[in-house]
Amino acid sequence: MTTPPSLPPDVRSAVQAGRKIDAIRLLREATGLGLKEAKDAVEAFEAGEAPPALSPGAVKRGLDKGSWAIAIVGLLALVALYFLR
């Protein structure tokens, strides 16, 4: 089995030791990937394939600008309701 350079050494070791769940957890902690992406990468490594590109930027976490605007408007509406009672 060739070792793809995109997986951290501790993740590769966990996979080779048969600790798949630990490998997925370690990969998520190291890269910020989502559960599905980390699982797919570990399974690809197990199958001897190159894992998909591991890019934490591809995993959307948190709120985008539009969601933040909606959250702020909602918060302002709640504050206005509280003080205008």
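Start with threonine 31: its side chain reaches the backbone nitrogen of leucine 33 at 3.2 Å. Threonine 31 lies in helix 2. Is threonine 31 buried or exposed? Its relative accessible area is 16%. The cut-off for buried is under 20%, so threonine 31 counts as buried. Remember that this is a predicted model.

**Zoom out to the whole chain**

Show the chain as a cartoon. It has four helices and zero strands. Follow the chain along its sequence and the pattern reads α-α-α-α. The chain exposes about 6100 Å². Carbon and sulfur atoms supply 63% of that area. Of the 85 residues, 25% count as buried. Contacts are worth a look too. Take those between residues at least 6 apart in sequence: 43% of them join residues at least 24 apart.

**Select helix 1**

Pick residues 9–16 to get helix 1. Which of its residues are buried? Colour Val11, Arg12, Ala14 and Val15. Then look down the helix axis. The buried residues fall within an arc of 160°, so they line one face of helix 1. An α-helix has 3.6 residues a turn, so residues three or four places apart point the same way.

Turn to the other side of helix 1. Pro9 and Gln16 are exposed there. What covers the buried residues of helix 1? The cover includes helix 2 and helix 3. Before leaving, step to glycine 18, which follows helix 1. Its phi is positive, near 85°.

**Move to arginine 25**

Arginine 25 has its place in helix 2. Its relative accessible area is 40%, and it is partly exposed. Arginine 25 and valine 11 are 14 residues apart along the chain. Their C-alpha atoms are separated by 8.7 Å.

**Open up the core**

Next comes the largest nonpolar core, with 13 residues. Which members touch the most other members? Select Leu7, Val11, Val15, Ala23, Leu27, Ala38 and Val42. Val11 and Val15 are also among the buried residues of helix 1.

Centre on alanine 38. Leave out residues up to four places away in sequence. What does alanine 38 touch then? Show Ile24, Leu27, Arg28 and Leu33.

**Finish at the aromatic pair**

The structure holds one aromatic pair. Select tyrosine 82 and phenylalanine 83. Their ring centres are 5.1 Å apart. Their planes stand at 80°, so the pair is edge-to-face. The cut-off for that label is over 60 degrees. Are the two residues buried or exposed? Tyrosine 82 is exposed, and so is phenylalanine 83.

Definitions and conventions: Residues numbered from 1 in each chain as written. Predicted model: local features only at pLDDT ≥ 70, side-chain atom pairs only at ≥ 80, totals over all residues. Heavy atoms only, no water. Core = buried A, V, L, I, M, F, W, Y, C linked by side-chain atoms within 4.5 Å. Buried < 20%, exposed > 50% of the residue type's maximum accessible area, 1.4 Å probe, protein only. Helix = DSSP H or I, 4+ residues; strand = E, 2+ residues; numbered from the N terminus. Contact = heavy atoms within 4.5 Å. Areas by Shrake-Rupley, 256 points an atom, 1.4 Å probe, with all protein chains shown as cover. Phe/Tyr/Trp six-rings, centres within 6.5 Å; stacked < 30°, edge-to-face > 60°. Arc of directions from axis to C-beta. Polar contact = N/O pair within 3.5 Å; in protein donor to acceptor, adjacent residues only side chain to side chain.
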